[in-house]
Amino acid sequence: MTVLVTGASGMLGRAVAEQLLADGEEVRCFQRRPSGVRGARDHLGSIEDSAAVTEAVQECSSVVHLAAKVSFTGTAADFDRINVVGTRCLLDAARKAGVGDVVYVSSPSVAHSGSSLVGAPAGPADPTHARGHYARTKAAAELLALARSSPGFRVAAVRPHIVWGPGDTQLVERVIQRARQGRLPLLDGGTALIDTTYVDNAAVAIVACLRRMHQAQGRALVVTNGEPRPIAELLAGICRAGGVAPPRWSVPGLVARGAGAVIERAWLAAGRSEEPPMTRFLAEQLSTAHWFDQRATREVLDWTPAVDIEEGLRRLESYYRR
Amino acid sequence: MVALPGVDPSWSTFADVPSTSSADTPGTTHRWHYLDNRADHDGRTVKGTLLCVHGNPTFSFLWRTYLAAGLAAGWRVIAVDQLDMGYSARTGVFRRLADRITDLEDFVAAVGLTGPVVTVGHDWGGVVSLGYADRNRAGLAGVILTNTAIHQDPARPIPAPLRLALARGVHRLGTRTTSAFLDVTLALARPRLDRQVRRAFRAPYRDAKARQGIANFVADIPVGPTHPSYAALTAAAEGIRSITVPVLMMWGPQDPIFSDPYLEDLARRLPHADIHRFEGAGHLVQEDADTASTALQWLEARGVGLDPVPAGALERSGHTAYAPLGQRVGELAVGPDSGSTAVAEMTAAGVPRTLSWRELQDDIERVSHGLLARGIGHGSRVSLLVPPGVDLTVLIYACLRVGAVIVVADAGLGARGLSRAVRGAAPDVVIGIERALVAARVFGWPGRRISAAPLSAAERSALGIEASLKDLRSTALSATGGAPPEPEADPDADAAILFTSGSTGPAKGVVYTHRQLAAMRDAVERTLGLGPGTALVAGFAPFALLGPALGATSVTPAMDVTAPRTLTAQALAEAAEAIEATVVFASPAALRNVLATRGELTPSGRTALARITLLLSAGAPIPVPLLEAVQDLVPAADLHTPYGMTESLLVADIDLQGIREAMTAVGTGTEGAGNGVCVGRPVHGARVGIAALDDVGAPSQDVTVEPGVTGEILVSAPHVKDRYFRLWRTEQLSAGIPPWHRTGDVGHLDADGRLWVEGRLGHVISSPDGAMTPVGLEQALEGLDGVRLAAVVGVGPMGTQVVVAVIEEDTAGDAVDGGGRAAPKRRRARLADDTVTARARALARERGIDLAAVIAVPRLPVDIRHNAKIDRTRVARWSARFLAGGRSGPL
């Protein structure tokens with residue numbers, strides 16, 4: 001089959017493209033800058049550019065849609081344009097081009113509003129209660145994508161939770177950098193259990209979803225390693241892999257959340273474009289439990305993660321030792 | 001009618017009912033409101049009708065769960081609003097009890113019931129429903145009562161809250177003018193009622209006129225023989241004595257009005273009744289506990305209704321030869337050894353108090369006479385709050401001799417737990433030491449009072465004591481005609497109620513018959529080879545009472561029985577020395593302290609301990625290193641650690657040698673060996689089965705003895721309990737896999753027939769990979785350097801729990817540090833160090849378990865009685881908070 005992967009310049013998009021290639025599929029990548037995926041055909045463009053998207057999706061049988069605006073900064077309009085309008089644009093084009101299956105890569109944050117999650121089910125996406133522009137627009141896009149699902153045009157949503165691995169700039173790089181600067185606190189001792197997903201596992205799960213569309217269509221599936229760990233342990237593991245000392249100081253979560261909210265506002269008011277050191281959302285993520293019931297996901301996808309956290313950290317370590 | 005939560009609007013029905021009550025002029029018709037689940041709709045066959053009658057100031061809404069549950073189980077359920085109450089008519093006439101019974105008959109005549117009838121009543125509705133049941137025996141198939149009363153003892157004041165509600169100036173204001181009576185009643189619910197439910201209860205009683213019925217109901221309480229309703233009440237109270245259909249009483253003991261004495265009164269009028277007390281529930285027991293499903297479960301179990309499933313009554317099979325528990329005392333008292341020591345008690349003064357077999361027998365006879373002379377005999381429940389020793393032994397055997405039922409609760413339950421247990425047992429008599437009698441006074445325990453020691457006249461009157469044990473002993477033989485009390489009690493009559501330790505919820509009363517107690521003695525005798533000629537130190541309470549029954553000389557060491565860990569090595573040695581004991585019964589906590597204090601042993605003490613040939617430690621598992629340390633102290637002894645519980649004191653037995661063999665079996669790969677604590681093979685007369693667990697950790701009905709299959713441990717033996725006391729629902733559950741007793745423990749058998757215990761059923765972890773048990777991994781973790789104690793628990797929703805290890809670090813660096821554990825250096829809970837975590841994970845992985853987290857805590861909670869069983873439920877709850885982020889508080 002021929003699969004279009006959008007957002008293949010990101011860590012997960014690249015991994016998905018490579019996994020598909022390894023499985024012997026024909027792969028096209030669509031993003032603004034070259035993906036660097038060897039063996040795939042790059043189509044460069046913007047996701048809300050209908051003409052570019054239409055061209056890229058021609059003769060594809062399936063689409064994996066990862067392109068999204070992920071960052072914290074930016075206006076609501078930016079998020080809406082890329083995440084919602086862009087998704088609609090892609091779906092329209094894919095349908096017209098006769099694509100059979102679409103996997104929309106989403107996030108567990110589309111269904112949750114900041115309280116702790118303990119063995120939680122996926123739950124329906126909820127744009128009105130999702131926290132922040134990212135989660136809100138991803139939720140809206142997931143709803144509209146799943147609403148389009150039909151036997152002739154099957155759509156499923158996969159929501160990997162906290163994807164990490166070698167080359168990750170979102171989490172791993174930032175943790176290591178801040179730990180090196182001594183600016184990485186633990187919140188409430190870092191005891192909250194967090195589910196994470198090693199990048200290769202997420203990629204395999206997404207590809208598995210393409211093959212299990214008869215089961216998965218119309219559904220949203222949270223994907224994780226199924227190994228919840230205290231956040232302190234995860235951060236320490238990442239720091240050690242990156243060759244820096246793990247964080248030792250702890251800040252009460254309540255304080256961090258308050259401080260995060262203040263920093264957020266100041267940051268946005270100052271019009272700075274880089275990521276702020278702490279946000280309310282990040283503080284919540286780092287001080288409340290977030291882990292999920294994986295039974296339905298594993299049954300539907302007929303998949304189990306091949307790389308456990310320990311092995312993932314070893315791979316991360318050898319990546320930094322290079 | 002307004003929409004009510006939990007009520008299907010189609011149930012709400014009105015009917016015009018002609019009245020034959022003398023309160024109304026002839027020809028009067030009243031409009032009744034009632035709820036009817038119409039289970040018989042469209043000609044469907046039903047098992048019968050539950051006729052539910054509410055009390056004051058509620059209405060049919062109280063029974064909503066019965067209507068729903070009844071529908072599902074094939075019962076038509078009708079719940080009336082009595083006249084002047086709920087949504088039924090306000091008649092403008094003061095309706096008294098007799099009128100209300102007639103009213104109910106009128107209602108039934110007008111509406112018609114389907115099939116056999118079961119009356120269900122609450123509060124004063126209980127009286128009305130009993131009055132109806134008494135007068136309408138044809139078709140009556142069962143009676144269900146909840147927090148009600150049928151008789152007011154003229155000698156007892158009516159409950160204070162009702163006195164207040166009746167007081168002049170309060171009555172009208174409190175019941176009619178304002179909704180105070182209603183509000184107070186609703187506030188009795190525990191936990192608090194949901195707002196919607198409270199609103200629903202208030203809905204029909206919004207204004208003073210609507211509340212006239214509430215006021216009249218209160219005014220109709222027959223406070224004394226001169227009250228107009230006294231005759232009707234007495235007629236019903238006496239009439240029901242001849243009711244023979246099955247009766248179920250469900251009670252919320254935390255009721256300021258219809259408290260336990262009223263239950264006791266009803267239980268005496270209807271002695272065949274099944275009773276379940278929902279500990280913690282109150283007056284509105286329907287709101288506080290799941291009484292509806294209990295009622296339907298009971299109807300099925302008792303075979304009430306059409307097309308009933310045959311009652312699951314268990315036939316007792318194969319009675320073995322029976323000799324009363326006290327038989328051997330009598331034999332030895334007249335034998336050649338009548339002058340040798342039967343019982344001894346070490347005292348603080350150092351001079352032991354002893355009785356020979358002859359003296360023991362005489363003392364038992366004297367106390368028996370004293371009891372009988374005071375009307376304490378067959379069926380009397382006697383709560384014994386006397387520490388182990390000569391007096392307790394005499395009292396136990398005297399009570400059993402006269403057919404009284406001994407009630408034994410451990411002071412280790414704490415004041416509140418003990419109080420709850422004693423109240424629940426509703427003793428006729430409390431015999432206790434002064435401290436216990438003070439508690440009886442303070443907590444208002446039921447029953448007459450007898451003191452173990454003579455007290456001053458002032459103390460006697462202050463504590464309401466009618467006699468002392470000395471008085472019992474000196475009762476003139478003429479008081480009972482001088483003849484020994486005859487005949488012996490019925491072997492299948494109740495003999496004892498022993499309370500569980502209460503480490504998993506409120507302590508439960510466990511009933512043994514005389515035959516079952518005798519079987520216990522036989523199991524101990526045959527398993528451990530004890531009998532006449534043996535001398536034993538009784539340092540473990542439940543077994544302490546068996547010494548005389550076995551014909552063995554027994555001695556109680558000097559210790560605080562409420563805290564087994566107070567037994568010192570020297571106290572043990574002195575007790576052993578006093579009777580040249582060869583056998584010791586102790587608990588693990590006691591043994592820990594014995595080891596901790598071994599330095600104080602005198603040379604003669606060492607010699608005494610060197611004579612011990614059998615040491616038995618019961619109550620909790622005991623780690624091998626501890627056993628080995630004990631072996632050093634009693635080098636000649638065979639060390640046994642039997643497995644059992646209050647419901648079956650002996651299930652399996654193993655000795656140190658057996659434990660070593662079991663460990664070898666693990667090494668050699670014997671099928672099923674490992675993953676748990678090996679407790680040996682079933683004792684004499686006992687059979688063990690396993691009810692395999694399903695994926696979510698629930699035991700199935702399939703009983704297996706196949707090696708390696710994990711499930712709930714079942715035991716069947718002549719010495720297993722008869723039932724739980726006034727816990728019908730609990731008993732049903734525990735006897736739910738006939739003919740077995742469900743122990744609530746999980747474990748498996750190995751190919752050589754050894755039983756391995758893996759934890760409590762409630763501690764089974766329900767992970768996505770299936771059910772898993774904690775003990776095997778805990779034992780492995782406790783083998784790690786620096787880990788003193790470990791608890792393995794599940795966190796998260798059933799079916800998708802993660803596994804968490806909580807460890808207590810070994811700060812003292814000594815695994816055997818006695819009862820007093822070293823003060824923890826680290827006061828706060830935290831994630832364990834990287835190295836410990838990594839090692840723990842590796843151990844877990846060997847067993848196919850992923851440990852989500854390893855938490856180090858200063859101290860793990862253990863039970864009071866044994867100081868050894870970890871409260872995993874509490875650990876699990878706390879761990880869930882700790883791992884959710886934010887504040888978890890101390891464990």
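Is A:Ala51 buried or exposed? A:Ala51 is exposed, because a residue counts as exposed when 12 or fewer other C-beta atoms lie within 10 Å of its own, and A:Ala51 has 10. The notes below go through the rest of this predicted model.

1. **Where A:Ala51 sits.** A:Ala51 belongs to helix H2 of chain A, which covers residues 50-57. Look next at A:Thr6. A:Thr6 and A:Ala51 are 45 residues apart along the chain. Their C-alpha atoms are separated by 15 Å.

2. **Chain A as a whole.** Chain A holds 12 helices and 15 strands. Its radius of gyration is 19 Å. The globule rule gives 20 Å for 322 residues, so chain A is as compact as a globular protein of that length. The C-alpha trace of chain A spans about 55 × 40 × 35 Å along its principal axes.

3. **Burial and contacts in chain A.** Of the 322 residues of chain A, 54% count as buried. Now take the contacts in chain A with a separation of 6 or more. Residues 24 or more positions apart account for 75% of them.

4. **Chain B as a whole.** Chain B contains 31 helices and 37 strands.

5. **Burial and contacts in chain B.** Buried residues make up 55% of the 891 residues of chain B. Among contacts in chain B with a separation of 6 or more, 69% come from residues 24 or more positions apart.

6. **Domains of chain B.** Chain B is divided into domain 1 (9-156 + 224-301), domain 2 (356-489), domain 3 (530-641), domain 4 (643-763) and domain 5 (765-882). Note that domain 1 is written as two stretches, 9-156 and 224-301.

7. **Domain 1 against domain 4.** The centres of domain 1 and domain 4 of chain B, taken over C-alpha atoms, are separated by 43 Å. Nine residues of domain 1 of chain B are in contact with five residues of domain 4 of chain B. On the domain 1 side, strand E8 (274-277) and helix H12 (291-301) of chain B each supply at least two residues. By class, this side of domain 1 has four nonpolar, three polar and two charged residues.

8. Strand E2 (residues 29-36) and strand E4 (residues 76-80) of chain B run antiparallel. Three bridges join them. Which residue of E4(B) stands opposite B:Tyr34? The residue is B:Val80.

9. **The four-stranded sheet.** Another open sheet of chain B has the order E34-E35-E37-E36, with mixed pairing. Strand E34 (787-795) and strand E36 (830-831) of chain B stand at the edges. Each has a single partner strand, so one side of each is left without a neighbour in the sheet. E36(B) pairs with strand E37 (residues 851-857) of chain B in the antiparallel sense, over two bridges. B:Arg830 has B:Ala856 in E37(B) as its bridge partner. Helix H31 (residues 872-882) of chain B lies across E34, strand E35 (802-809) and E37 of chain B. H31 of chain B runs at about 70° to E34(B).

10. **Where the chains touch.** Here 17 residues of chain B are in contact with 21 residues of chain A. E36 and E37 of chain B each supply at least two residues of the chain B side. The residues of that side divide into nine nonpolar, six polar and two charged.

Definitions and conventions:
Residues are numbered from 1 along each chain as its sequence is written. Chains are lettered from A and ligands numbered from 1 in the order in which they are written. This is a predicted model: local features need pLDDT of at least 70, side-chain atom pairs count only at pLDDT 80 or more; totals for chains, interfaces and linings use all residues. Two strands pair if DSSP finds at least two bridges between them. Two residues are in contact if their C-beta atoms, placed from the backbone, lie within 7 Å. Axes are lines fitted to C-alpha atoms, for helices over the stretch in contact, and angles run from 0 to 180 degrees between N-to-C directions. Ala, Val, Leu, Ile, Met, Phe, Trp, Tyr, Cys and Pro count as nonpolar, Asp, Glu, Lys and Arg as charged, and the others, Gly among them, as polar. Domain bounds come from an automatic or database domain assignment. A residue is buried if 20 or more other C-beta atoms lie within 10 Å of its own, exposed if 12 or fewer, and partly exposed in between; C-beta atoms are placed from the backbone. The radius of gyration is taken over C-alpha atoms; the globule rule is 2.2 Å times the number of residues to the power 0.38.
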